[in-house]
Every structure is written in structure tokens, then in C-alpha cells.
Amino acid sequence: MDQDQVDRLAPALAGRDVVLSGLGARSRKDAGVAARLTRTVLGAMEAEGVRRLLVVGAAPVGPAPEKESLLDRTARGIVSALLKDVYADLGEMEAELARGATAWTVVRPPRLRDKPVTGVYRTVVGGFPAGGRFIARADVAHAMPAMAEDPGTVKQGVGVAY
């Protein structure tokens, strides 16, 4: 953790109850950024006494959906192989959260799209919606505040998809 970055971020978190984070790699070459920056956020939260954190992860890092189709299982395997460094980074981010005392939630969407918010999607605490292949970034952002208020999502991964 870079203490200078923690010190610069901490004032932005002063007086907050919850932190929502969408930090992560934009491409394979950025792998490593999610775990590193999440450590910085956790340090700043600790400095300011903020206890609740929601982060965006990725569906393939969590458990497979119940009754996953052969097509979905095959696609998951291919995507996981292509983005293995990115998913390893997200896995390390989740491990970092699990080691700490923060009341965290990992929101695990499938493939993200740049579409408008619909407010209509499925969520599964501790799992992933069967057949969920896409979701708009706007709907992930829409889902997060409600999860922040739900004690059932604390220290859980939550799959979210259409």
C-alpha cells in the first residue's frame, strides 16, 4: 500500500458511510490495478473510520450459476483463459477484502455494456443468475446502493445480470 496515495484519498472519504468502487483493469495490460488500488482504498477507509465497501468484480471470479448450460460453461472457460491475469487480480482483490475487517460486498457482473439504466436485473447473493450474460454498467451502478443497505450482502459476492 502506498501511504502517500492513502493520505491523498482519505480526505475524500471523510464523513462517508459507504464507499462504492468500480476500480479495475480496462484491459489485460492493466492487470494488478484492482488489488493494488483496493488496498489503497481500504487504507483510506481505515484512516477515516469508514466501514462499508462495495466493489465491482466479475462473474467468472465467483461460483458458476446453478444449472449452467454447456454453452455458458464453455464461454466462461474461454473468457477466463483469455483474461486470466485480470481475473487473478480480481481474485486477489477479493482475498484482500476477506482478510480485513471491512463490511465488504463484491458485485459480480458478467459482460458489461454501455447502455442506459433499466433498473430491471436479477441478483443472487453468494452465486450468479443462471443464463446471465450481460448487464449495463448503469444497472450495476443502480444495484450497488441497495446492496449497501442490505445486511445480507455483507462479506458476500453478489451476482447481478439480466
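**Figure 1. Helix H4 of the predicted model, residues 84–99**. At 1.5 Å a residue, the 16 residues of H4 should span 22 Å, and the end C-alpha atoms are 22 Å apart, which agrees. The expected span of a helix is 1.5 Å times one less than its number of residues. Helices (H or I, at least four residues) and strands (E, at least two) are DSSP runs, numbered from the N terminus. Buried in H4 are Val-86, Tyr-87, Asp-89, Leu-90, Met-93, Glu-94, Glu-96 and Leu-97. Buried means under 20% relative accessible area, exposed over 50%, and partly exposed in between (1.4 Å probe, protein chains only). The cover over these residues includes helix H2 (33–48), strand E2 (52–56), helix H3 (70–82) and strand E3 (103–108). This is a predicted model, in which local features need pLDDT of at least 70 and side-chain atom pairs count only at pLDDT 80 or more, while totals for chains, interfaces and linings use all residues. Residues are numbered from 1 along each chain as its sequence is written, and side-chain values use heavy atoms, with hydrogens and water left out.

Figure 2. Apart from neighbours within four places in sequence, Leu-90 is in contact (heavy atoms within 4.5 Å) with Ala-34, Val-56, Gly-57, Ala-58 and Val-61.

**Figure 3. Helix H2 and its cover**. The 16 residues of H2 should span 22 Å at 1.5 Å a residue; the distance between the end C-alpha atoms is 22 Å, in agreement. Val-33, Ala-34, Ala-35, Thr-38, Thr-40, Val-41, Leu-42, Gly-43, Ala-44 and Met-45 are buried in this helix. Helix H1 (3–13), strand E1 (18–21), E2 and H4 are among the elements that cover the buried residues of H2. Just after H2, Gly-49 takes a positive phi of about 75 degrees.

**Figure 4. Ala-25 in the loop between E1 and H2**. Ala-25 counts as partly exposed, because its relative accessibility is 26%. With neighbours within four places in sequence set aside, Ala-25 is in contact with Asp-30, Ala-31, Val-33 and Val-86. Ala-25 and Tyr-87 are 62 residues apart in sequence, and their C-alpha atoms are 9.6 Å apart in space.

**Figure 5. Lys-155 in the loop between helix H5 (137–148) and strand E7 (156–161)**. Lys-155 is not a glycine, yet has a positive phi of about 60 degrees. Most residues other than glycine have a negative phi. At 38% relative accessibility, Lys-155 counts as partly exposed.

**Figure 6. The chain that holds these sites, with 5 helices and 7 strands**. From the N terminus on, the order of elements is α-β-α-β-α-α-β-β-β-β-α-β. The radius of gyration is 16 Å, close to the 15 Å that the globule rule gives for 162 residues, so the chain is as compact as a globular protein of that length. This radius is taken over C-alpha atoms, and the globule rule is 2.2 Å times the number of residues to the power 0.38. Along the principal axes, the C-alpha atoms fill a box of roughly 45 × 30 × 30 Å. Buried residues make up 40% of the 162 residues. Of the contacts between residues at least 6 apart in sequence, 76% join residues at least 24 apart.
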